[in-house]
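Subject: A structure for you to look at

Hi,

Here is the structure I promised to pass on to you. Have a look at it first, and then read my notes below.

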Amino acid sequence: QMQFPHANTYSAMFAVLSAIAQFASMAAAAFYVESESKRRKDDIDRLPVDLEVHIAEERERISNDAFAQATKWGSSTIFTKWTLRLSVVSMIACCYILQFWQSKCFRHLDMMNTSAEDINILKFVSPLGWTALSFFLVSCSLLAIYLVWAKKETMKLLQKPLRIHLQRDEDSEADNGHDDVFHFMEPSEDLPLKHSSPSNKAEYGSMGSK
């Protein structure tokens, strides 16, 4: 006879209450953050632009654009196309095997099993399970190969150095009161560093993308 016969019932009840409390707290936090953002929108808009954050965001945007350009299907080689196709097919095969024959892939393991023989992974996984795991490893390996190629192609597009210019944007200033708006531009001697001090020019005038 169980010492605490209602333990399972209480466990389920308190798990539900905990989930409700977590959901309610997240919903309340989202509501108050949104309401406060709307109420103090003018104060938020008047905050100065953080140059370092802006530079980091622009570099990330440029890198993402270069990655998207490098990985276009039309610009990919036959090898990389088939690498990606085989990776997808392998992952689909792994998912189908685990979905329809899960009971045949792994031996049932009870949480009360304590002997080393009962939890030996070599006995826990059946031959069909090893097949599914092999498809998974092949898919991940092929995807890693594709990503290495994509990274190299992206770096080729990013080899041209970029120069960060501090430029005044009249429209943006009229909209939000900011004095300066920063843009990434292609390097050019014809583009002077406007509305900036000599120290800013020396510090930010010719920073290449890293």
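Predicted model: local features only at pLDDT ≥ 70, side-chain atom pairs only at ≥ 80, totals over all residues.

Let's start with helix H4 (residues 78-100) and helix H7 (residues 127-157), whose axes lie 8 Å apart and meet at an angle of about 155°. Angles over 145 degrees count as roughly antiparallel, so H4 is roughly antiparallel to H7. Their crossing is left-handed. On the H4 side, the residues making the contact include Phe79, Leu84, Ser87, Ser90, Met91 and Ile97, while H7 contributes, among others, Leu128, Phe135, Ser139, Leu142 and Trp149. Sorted by class, this contact has 18 nonpolar and six polar residues, with no charged ones.

Is Ser139 buried or exposed? Its relative accessibility is 3%, so Ser139 counts as buried, the cut-off for that being under 20%. If you set aside neighbours within four places in sequence, Ser139 is in contact with Ser87, Ser90 and Met91.

H7 also packs with helix H3 (residues 51-70): their axes come within 8 Å and cross at roughly 115°. The crossing of H3 and H7 is right-handed. Here Ser63, Ala66, Phe67, Gln69 and Ala70 of H3 touch Leu147, Trp149, Ala150, Glu153, Thr154 and Leu157 of H7. By class, that gives seven nonpolar, three polar and one charged residues.

Enjoy exploring, and write back with any questions!

Best wishes

Definitions and conventions: Residues numbered from 1 in each chain as written. Heavy atoms only, no water. Axes fitted to C-alpha atoms, helices over the stretch in contact; angles between N-to-C directions. Helix = DSSP H or I, 4+ residues; strand = E, 2+ residues; numbered from the N terminus. Parallel < 35°, antiparallel > 145°, perpendicular 65-115°, else oblique. Left-handed = near helix turned anticlockwise from the far one by under 90°. Contact = heavy atoms within 4.5 Å. Nonpolar A, V, L, I, M, F, W, Y, C, P; charged D, E, K, R; others polar. Buried < 20%, exposed > 50% of the residue type's maximum accessible area, 1.4 Å probe, protein only.
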